[in-house]
Amino acid sequence: MTIAGLNGVEGTANYYGPCGKHDIQKEAEKLEPCTYAAQHRRVPVSERCCTVMENKVKNPACLCAILYSQTAYDMGVRPEIAVTIPKRCNIADRPVGYQCGDFTLP
């Protein structure tokens, strides 16, 4: 019984989540330059936001977790608009068609 308990603990110690060892809430804070663009579909996206987003799309599962995080919600991020930012930034290697919650990355 003790061995099973230890195995359970050991198994969870190696799991970090969609952003690896990075805290999703802290990663969401890095999207602060994208807040306005993630609220309004037709506003220009800042170069700073595009730089941040270019790094985030390399791990689409992490990006989705960030967009649906409490921090992003508190910042007013609307996931259905935020998923359009990589396309609006003209990021060539974005994960087109990746399902992010209820929305697909265009």
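Colleague: What is the mean pLDDT of the chain, and where is confidence lowest and highest?

Modeller: The term pLDDT denotes the predictor's confidence in each residue, from 0 to 100. The chain has a mean pLDDT of 86, and 86% of its residues reach 70 or more. Confidence is lowest in helix H1 (residues 2-13), with a mean of 43, and highest in H7, at 96. Helices (H or I, at least four residues) and strands (E, at least two) are DSSP runs, numbered from the N terminus.

Colleague: How many contacts beyond four places in sequence does the model have for residues 1-13?

Modeller: A contact means heavy atoms within 4.5 Å. For residues 1-13 the model has zero contacts beyond four places in sequence, and pLDDT stays under 50 there. Where pLDDT is low, the predicted coordinates should not be read in detail.

Colleague: Which residues of helix H3 are buried, and which are exposed?

Modeller: Buried means under 20% relative accessible area, exposed over 50%, and partly exposed in between (1.4 Å probe, protein chains only). In H3 (residues 47-56), Cys49, Cys50, Val52, Met53 and Lys56 are buried. Seen down the axis of H3, these buried residues fall within an arc of 165°, so they line one face of the helix; the arc is that of the directions from the helix axis to the C-beta atoms. Glu47 and Arg48, on the other side of H3, are exposed. The packing partners of the buried residues are helix H2 (24-29), helix H4 (60-67) and H7.

Colleague: How many disulfides are there, and what pattern do they follow?

Modeller: A disulfide is a pair of cysteine sulfur atoms within 2.5 Å. By this rule the count is four. With bonded cysteines counted along the chain, the pattern is 1-5, 2-3, 4-7, 6-8.

One of the links joins Cys19 and Cys62, whose sulfur atoms are 1.9 Å apart. This pair links distant parts of the chain, 43 residues apart: Cys19 is in the loop between H1 and H2, and Cys62 in helix H4. The link is right-handed, with 100° about the S-S bond.

Another disulfide joins Cys34 to Cys49, with 2.0 Å between the sulfur atoms. Cys34 is in the loop between H2 and H3, and Cys49 in helix H3, 15 residues apart.

Cys64 and Cys100 are also joined, S to S 2.2 Å. Cys64 lies in helix H4 and Cys100 in strand E1, so the pair ties together parts that are 36 residues apart in sequence. Both cysteines are buried.

Colleague: Is Thr84 buried or exposed?

Modeller: Thr84 counts as buried because its relative accessibility is 12%. This residue is in the loop between helix H6 (79-82) and H7. Leaving aside neighbours within four places in sequence, Thr84 is in contact with Arg41 and Pro106.

Colleague: Why does Asn90 count as exposed?

Modeller: Asn90 counts as exposed because its relative accessibility is 64%. Asn90 lies in the loop between helix H7 (85-88) and strand E1 (99-100). Its phi is near 60°, a positive value in a residue other than glycine.

Definitions and conventions
Residues are numbered from 1 along each chain as its sequence is written. This is a predicted model: local features need pLDDT of at least 70, side-chain atom pairs count only at pLDDT 80 or more; totals for chains, interfaces and linings use all residues. Side-chain values use heavy atoms; hydrogens and water are left out.
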